[in-house]
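Let us read this model together, one question at a time.

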Amino acid sequence: MADTQQSDTRQADAKAERETARLARRIDSFSKAHGGAEGQVAYLGERGARIVLVGEDGAWGDVVARSYETARKAVEKAGITVHEDFDGEFAAKVTTGRYEWSRMAGLQVGGPSNT
């Protein structure tokens with residue numbers, strides 16, 4: 001019985017390591033495409049954690065990890081600066097265009113439908 005538990009633990013650890021490496025590669029790819037990047041990890045409850053990325057050019061994106069711990073390890077492995085909060089100074093680095101403004105406002109200003 002103990003061997004089975006150890007095997008299950010090893011498999012879970014290996015799966016978490018693969019996810020961490022995959023997320024770190026995606027973060028690194030975003031960073032290279034946008035002249036560098038900074039991020040913030042947000043806890044999503046049972047769903048995991050969201051890593052919000054902001055490039056040096058103002059572009060933004062996100063990736064979701066299965067756990068907060070995995071997300072923290074991925075940003076550490078990718079070597080980006082991580083902010084504790086998505087505060088005003090960090091948020092001001094995001095560049096939004098016509099598409100984002102129309103999506104945020106939705107039908108009120110003639111943007112695309114959210115349905």
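**Charge and rings**

Helix H1 (residues 2-33) contributes three residues to the positive patch, the most of any element. Helices are DSSP runs of H or I with at least four residues, strands are E runs of at least two, and both are numbered from the N terminus. This is a predicted model: local features need pLDDT of at least 70, side-chain atom pairs count only at pLDDT 80 or more, and totals for chains, interfaces and linings use all residues. Residues are numbered from 1 along each chain as its sequence is written, and side-chain values use heavy atoms, without hydrogens and water.

Reader: Is Lys77 buried or exposed?

Author: Buried means under 20% relative accessible area, exposed over 50%, and partly exposed in between (1.4 Å probe, protein chains only). Lys77 lies in helix H2. Its relative accessibility is 53%, so Lys77 counts as exposed.

Reader: Which parts does the pair of Tyr43 and Tyr68 tie together?

Author: Rings of Phe, Tyr and Trp (its six-membered ring) pair if their centres lie within 6.5 Å; planes under 30 degrees apart are stacked, over 60 edge-to-face, the rest tilted. The structure holds two aromatic pairs. Tyr43 and Tyr68 form an edge-to-face one, at 6.4 Å centre to centre and 75° between the planes. Tyr43 lies in strand S1 (residues 37-43) and Tyr68 in helix H2 (residues 68-78), so the pair ties together parts 25 residues apart in sequence: strand S1 and helix H2.

Reader: Why is the pair of Phe86 and Phe90 edge-to-face?

Author: Their ring centres are 4.9 Å apart. The pair is edge-to-face because the planes are at 70°.
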